[in-house]
Amino acid sequence: MKGTHLGEFEEIVLLTIAGLVDGAYSVAVCDELIKHTKRVIKLGVIHAVLNRLEEKGLVKSKLGEATSERGGKRKRYYTVTTAGKAALVKSKDIRDELWSRIPGLNLNRL
Amino acid sequence: MKNKTSIHPPRWAERFLSWYCRPELLEDLQGDLHEMFVRNLRSKGAKKARFIYIVDVFKFFKPYTIRKPGLSNNLSQNTMIKSYIKTSGRSIIRHKLFAAINIIGLAISMCVGLLVISFLSDLYSYDNFQEKKDRIYRLISTDSNTGQPVMNLASSSLAAGRKIQQTIPGIESTVFMQRGFSGDITAGEVTVPVSGLWANESFFNVFSFPLLSGNPATALQKPYSLVLTEESAKKIFGNSEALGRIVKLDTNNYIVTGIARDVPKLSHLQFGALASFSTIEQKRSNEDGNLMSWANIYSNYTYFVLPENGNAGVVQAAIDRLCVSENANLKNRKIRLSLEPLKKIIFDGHLGNEIGPTINKMSVYILGGLALIVIISACFNYTNLSIARSLSRSREVGIRKVIGALKGHVVGQFITESIIISLLALVFSFILFLLLRTPFLSLHAYVQSLVSLQLSPKLVLGFIAFAVFTGFIAGILPALFYSRISVLQVLNNVSTLKVFRHVNLRKSLIVVQYTFSLIFITTTVIGYNQYRSFLTYDLGFSTRNILNINMQGNKTGVFIKELSAIPGVREISKSQLISSLGSIYGTSMKYNDPQDSAGVQLNFIDEHYLTVHQYKILAGKNFSTRPSNGQETEAIVNEQLLRRFHIGKGDPQNAIGEIVNIDGKKLSIAGVLKDFHYGTLENKIEPVMFRYSGNDNPGYINVKIETPHLTAALAAMNEAWRNIDKLHPLDAKFYDVQIEEAYSMFSVIIQVIGFFSFLAIVIASMGLFGMVVYTTEKRLKEISIRKVMGAGERTLIYLMSKSFLILLIISAVIALPATWLFFENVVLANFAYHQPLRLSEALTGFAIVMVIAGTMIGLQTLKAARSNPARVLKRE
């Protein structure tokens, strides 16, 4: 069902936006993700995901101030919507539930 | 640091991004890319940063970033279009003269365009109802005899068709047809003349002519089977059942084996009835041993259907091989056969022996070309007048640009305006089209047989597309001109705008328009004069008051007796054909030298023929022996025949009594006639021989009739005719009328070109009128100042009209010699006999155009010259 389903990468991006609070715009999200996941992430991919998340109504955006480092262009800041938060919580619940059903898994051994 | 900020991402990549990217995403992308660029600049250097920028621009080229093409779902575009339409409407209403000139001009020219479009659409939809239209091919022949011109025929020999059908694989089915099935069908009391085709049983398999009753597979199988169209069946049988009835044609009984739906208008095959081909084979194999000869290519038509995946090239190659082996049996003659696709048939006007109506592709191009010239001329008006009023409109464009209009918006605005004008013109031209359709069709019976010009939804869509296209063409130049206007210049000081920079363009457009107008009108005048001279040309005999009656196979004896009794009838003669109308009958003859034979044109006449037509006898006399059916001994010849065979050494007297060989007979020359026109004026005078025929079945009778009570005499003739032939109406025509008909094609061409020249002149005049109005308006102040300084009206008129008159003279200098040379070398070269061109003819058209243009220019400039300078100068 489009609108509620969260892909893995989408979930990470959404979490990052939530983590960045007020400073979440495309390049910052990208930097943050690279820092935490150690994955090679292209800006184009982030852009596409942000666009998709906004289409699904999980984030909303507003234009910020223009900066010279952006060639006089404004930043677009993203914040997680209530639906986005609900989707994150739901996704975490599912995982928690699945985790709880694994008897005696010692994470330290992994 | 300063160094770093001055380094830019590649400009073209930036431009590419803003070109493809959706406007709502553009700022984000540009910002992101720029940020990354600045970052890369620091860490990786300028070169690498620029490279990455370019790569990223291409990476962002994804479905969700690409601007949606088209206008439909774009709100701002929609609003813009609404605004274009609204402001265009206002502008049209404000500039009524401009709009009126353009709408009328475009409407007049577009109605020709509509005629041509519907004409072409009819031609291209010929035979479209045939289900197998892409697979049907006709076998056509090219006959080359050594020493004679090559003949291209739509017909081919039955032998060839049969051979191909039997020996060459890759053909699905074959149909054989012949023309000339016609006659009077009698069923019970009713007798109806019907004409149609002979066709074999696969006719309905190849062609999609649905049968209402009867079995399509067998209807044309047995000899003396007849398929009637609904219309013919109704004429013969009324509403009663026709299938299975027996009808009589000539002496044979036919059985009706099918009723076909009426033949659509746009079919190259037209018939009222079909008779089975096997009838011919049964009848003619006895009479005509030639039927199955390879070289008998004149009367039979063969059509093939190839299978769905068939290859015409392969079949053609096999046919070529067949031709080579068959031609080996012929002496001095080669017959080449080729496959012609069904859809091409209508445009193959050059083939002889056509089975239905066709048109020469050249005529189509010429007609289309003429229409194009007229339409372009009207577009020129629009372009010219639009640019001419740039003084007033450029301020508007300036404001638009200040408010934020881009080049594209200005272009859009002006194109919309011109398209609206041309759509308005379409409404008028559509009405004109409906009015012109009937006169166009009745120009000539040929046009009527060829097309119907019926409207269809597709055609109307075509008309609208045509109008939009015309509007676009008319509007594109002004649109580009206005979109390039510099805002600062216009708003600062309008007078600095280089309006006159385009003066040369405008002037040359006017010259082009007038050149075409002059070419058209001079062609019309010269053509008309030549046409009149054809009709009144001294043919070498008199055609006055001679009524030619086609005997339609009836015997003359009783009829002539009855005619002689009618008051006003002076003399009656008989002849096999009527001279000077284009029909020719001939054979070859010999004089003393048995090796020297040459063609001679013939007519069989009776003893009254020469006196009725007042031929000038140079030597000898009329036929003295008049055998009704006995031994033919005498011939009357023309001077050209003496010259060709060197008879009599230049003196006709010496030729009398000389013996010539013709058709295995020895005839002595009884009289020599002064040369006269046996053929039309297109043909040179050839050797002609009159032979005597006392036959009671000559073809035509020629009645010299002189009476003030013509109608009464004609009524009496009708009465007499009905006594000998109840079925066919009397076919009597005055000789002069027949000559007019023989040249009717020229009359049609002259009418068409005359119409075009009328249009071209009207359009050019309107354009010139508009130009004069705008230029005089613009120069009003100058004129006023000149007036104050003491200039007279005459000098002012001369001053203002001079430039326009020069343009007209330039057009004349181009147009008149061009037309003259065209007539001398192209048109009149086709006529062996014609009047020489006269200078006065060429100048008539020029005078007409000058008078019209001069009046217009004069009136407008006079108005300006008479204006009160005080009022004009006070205004500012």
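In this predicted model, H409(B) is partly exposed, with a relative accessible area of 25%. Leaving aside residues up to four places away in sequence, the contacts of H409(B) are M80(B), Y84(B) and G404(B).

Several helices of chain B each bring at least two residues to the lining, namely α12 (361-388), α15 (445-450), α18 (503-536), α25 (744-778) and α27 (793-827). The largest share belongs to α18(B), with nine residues. Sorted by class, the lining of this pocket holds 31 nonpolar residues, 11 polar ones and one charged residue.

Attention now turns to chain A and its meeting with chain B. The average pLDDT of chain A is 83, and 90% of its residues score at least 70. Among the elements of this chain, helix α1 (residues 8-20) has the highest mean pLDDT, 89, while strand β1 (residues 59-66) has the lowest, 84. Where the two chains meet, 20 residues of chain A are in contact with 17 residues of chain B. Together the chains bury about 1,600 Å² between them, and 50% of this area lies on carbon and sulfur atoms. Three residues, H47(A), R70(A) and K73(A), supply 31% of the area that chain A buries against chain B, more than any other three residues.

Rolling a probe the size of a water molecule over the atoms shows where empty space is left. The structure holds one cavity of 30 Å³ or more, and the largest cavity has a volume of about 50 Å³. Both chains take part in its lining: Y25(A), S26(A), H47(A), L50(A), R70(A), K75(A), R76(A) and Y78(A) are joined there by D28(B) and D32(B). At least two lining residues come from each of α3 (43-56) and β2 (74-80) of chain A and α3 (23-44) of chain B. Strand β2(A) gives the most, with three residues. By class, this lining has five charged, three nonpolar and two polar residues.

Terms used
Residues numbered from 1 in each chain as written. Chains lettered and ligands numbered in written order. Predicted model: local features only at pLDDT ≥ 70, side-chain atom pairs only at ≥ 80, totals over all residues. Heavy atoms only, no water. Helix = DSSP H or I, 4+ residues; strand = E, 2+ residues; numbered from the N terminus. Nonpolar A, V, L, I, M, F, W, Y, C, P; charged D, E, K, R; others polar. Buried < 20%, exposed > 50% of the residue type's maximum accessible area, 1.4 Å probe, protein only. Contact = heavy atoms within 4.5 Å. pLDDT = per-residue confidence, 0-100. Buried area = accessible area lost by both parts, 1.4 Å probe. 1 Å grid on protein atoms, 1.4 Å probe; cavity = no way out; pocket = protein on both sides within 12 Å on 5 of 7 lines; lining within 4 Å. Points joined across faces, edges and corners; volume = space filled by probe spheres on them.
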